[in-house]
Amino acid sequence: MNSPNLAALPDDLLLEVTSCLSSRADVLNLALSSKYLFTSTCPVLYAHVHLGTAEQCQRTLSMLRSRPDVARHIQKLHIRFSASSNYMVDINGITISAMLRELAPKLDVLHTFIWDADEIPQCDDMWFALRMSCPRLRTLGTCYGSVIPSQRSHLLEFKNLRGFSLTLKYGYHTHHTDDFQDALPFDGRLWDMLIRRSPDLEELHVLGGPLILDGTVHPLCNARWPLLHSLSLGDVMLDWSSGPGPMSSKRPFIAFLEAHQRLRFFRISRTALSPHILPSLDPSALSHLTHFTGSLEHLQALAPSHPQITHLAIEEPLIIRDLAPLLIAGVLQSLRCLTELRVVFVFHSSYENGNLIRNLVSACPGLTTLEITCARRSSFKVDTLAKSVSCLPRLRHLRLTLVPIATGDSLRVCACHVIQAIPRLQSFALTFISASLPLSLTPVDFGLYEESGNYVVRTDEHGLPHSLSCTERRPALRLPFTLPSIPIPLAVPLLTFSPFTSHSPPRERKMRMQQYLLNLHPGTSKHGGLGLILERSTAGDEARVLTVLVALSGLALWGFFA
């Protein structure tokens, strides 16, 4: 009887098997085992492609241009890279956008495209190629920097979009400050594309935005999308300058929220919605809201009437004072369905008595995912914090971002402390940051951390952890000085980073990655003979006692018969 062969399975059944794999690394290992399996698993392996550096973008896009049989499986393509220099002419942006223009005809099933660079694509024809060659493309994402799209940009010609995201980078706020009080050239066409030509919009994310004229209301407030379920608004002024009006009238943005009852994901800033206006929202509005991101004041107004929230992120850093633990716990206690929480704390002193974490844990006993960032000062030891959250019975995923203590342990030792205190975890991450890091930055995204580690827990047949699959990142060694840059003729300096952080845009650091498997019970590996006798464990002690007894019995028998 022939042995079972995985390659002999039908393609549809093989795709079902591949979709059950827990990680993309497992899918890749399966695909590389044979040429047939690679061809069969391509729809899963290349369904979502995320490119994070300029070099990775160029190499992968070049491969996809020469392999249309692979490119035709891409459904979601995310492009992210940093500017190649401090000048307006970004060589990487020109090269990558031109390569995408040539690749577009081969992306048959592409439905989502995200451009997450410091500037808009220098090759505007890329948008035209995507619009004409990708009939299923319904979700777009782009960034504005020092240069904004012209009135004739092909970006603003899309229609029937289902999702749109716009992020304004550091260069936008640096070069267009004088335009904040006037209508920008692209603003009218942008909102015409989203409101009039995309009536079935389901997702809208605008992070950052221009100020508006006094006495006017942002076009967003007058839009109505019946299918909208996700909304993110950064520093976009909507209707602050409009008067309060009669007591019976609603603010335009409040009326907008009440008109979109399908909203499940809502992310807001103080600029877009003042917390003191939120209580005027009808308590029956946003009845399907499950994911909320905002400030603690926003949450105080929403929590009493929306206990169904399951995912919460308090992005605005919470300054810890004497009554802060009780205030935070009092707000979170009303969210009885909360399963995921992300919060940032700022400490003024290096000493914290643990009341904060204990109150947080007691207020949210059903958490399965917890992300805690403690900035400015080192206030917790990793093992102490892990013991504080160990009483969460359903916790499966944990992320800790801390300022390390000067005499603290290494990442490997801290990881052992965490899994020993919380053996129920499936995965966790540890990140050490500098005390001077601006709070508005995301350390993991920009490589601005001192050390970072991601750990996946592997269990035995009884469900007990026996090893950790570790991926640790540290900054690569760099020269203690910077080489002078050579100016490019007819170029203008380009600043590339997110706004509201620092006067000079920080640079993304190159990280050195180390992967290894950490055995949590190094003394329990199976030994034979002499190895078991020399083992320092309970089993070793029993083996040594048994050896002595056998030896004594042998001597007694030898003496008896001798």
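**View 1. Leu130 in helix α7 of the predicted model.** Leu130 belongs to helix α7, which spans residues 125–133; helices are DSSP runs of H or I with at least four residues, strands are runs of E with at least two, and both are numbered from the N terminus. This is a predicted model, in which local features need pLDDT of at least 70 and side-chain atom pairs count only at pLDDT 80 or more, while totals for chains, interfaces and linings use all residues. Residues are numbered from 1 along each chain as its sequence is written, and side-chain values use heavy atoms, with hydrogens and water left out. Leu130 is buried, with a relative accessible area of 1%, where buried means under 20% relative accessible area, exposed means over 50%, and partly exposed lies in between, for a 1.4 Å probe and protein chains only. When its neighbours within four places in sequence are left aside, Leu130 is in contact with Ala104, Leu107, Leu110, Phe113 and Leu137, contact being defined as heavy atoms within 4.5 Å. From C-alpha to C-alpha, Leu130 and Phe158 are 9.8 Å apart in space, although 28 residues separate them in sequence.

View 2. Not counting residues up to four places away in sequence, Arg136 touches Asp108, Val109, Leu110 and His111. The C-alpha atoms of Arg136 and Leu110 are 6.1 Å apart in space, and the two residues are 26 residues apart in sequence.

**View 3. Two loop residues with positive phi.** Most residues other than glycine have a negative phi. Asn160, in the loop between β4 (139–144) and β5 (163–168), has a phi near 55°, which is a positive value in a residue other than glycine. With 39% relative accessibility, Asn160 counts as partly exposed. Leu286, placed in the loop between β8 (265–267) and β9 (291–294), also has a positive phi, near 55°. Leu286 is buried, with a relative accessible area of 0%. Apart from residues up to four places away in sequence, Leu286 touches Leu257, His260, Gln261, Leu263, Phe266, Leu281, His306 and Gln308. Between the C-alpha atoms of Leu286 and Ala259, which lie 27 residues apart along the chain, the separation is 9.0 Å.

**View 4. The packing of helix α2 against helix α3.** Helix α2 (residues 24–31) and helix α3 (residues 35–45) pack at an angle of about 160°, and their axes are 8 Å apart; the axes are lines fitted to C-alpha atoms, for helices over the stretch in contact, and the angles run from 0 to 180 degrees between N-to-C directions. That angle makes α2 roughly antiparallel to α3, since angles over 145 degrees count as roughly antiparallel, under 35 as roughly parallel, 65 to 115 as roughly perpendicular and the rest as oblique. From α2, the residues Arg24, Val27, Leu28, Leu30 and Ala31 meet Leu37, Phe38, Thr41, Val44 and Leu45 of α3. The residues of this contact divide into eight nonpolar, one polar and one charged, with Ala, Val, Leu, Ile, Met, Phe, Trp, Tyr, Cys and Pro counted as nonpolar, Asp, Glu, Lys and Arg as charged, and the others, Gly among them, as polar. In α3, the buried residues are Leu37, Phe38, Ser40, Thr41, Cys42 and Leu45, and their cover includes α1 (11–19), α2, β1 (48–51) and α5 (68–71).

**View 5. Cysteines without a disulfide.** The structure holds zero disulfides, a disulfide being a pair of cysteine sulfur atoms within 2.5 Å. Cys416 is in no disulfide, and the nearest cysteine sulfur, that of Cys470, lies 7.8 Å away. Cys416 is partly exposed, with a relative accessible area of 21%, whereas Cys364 is buried, with a relative accessible area of 2%.

**View 6. The protein as the setting of these close-ups.** The secondary structure of the protein comes to 18 helices and 17 strands, and 44% of its 562 residues count as buried. Among contacts in the protein with a separation of 6 or more, 73% are between residues 24 or more positions apart.
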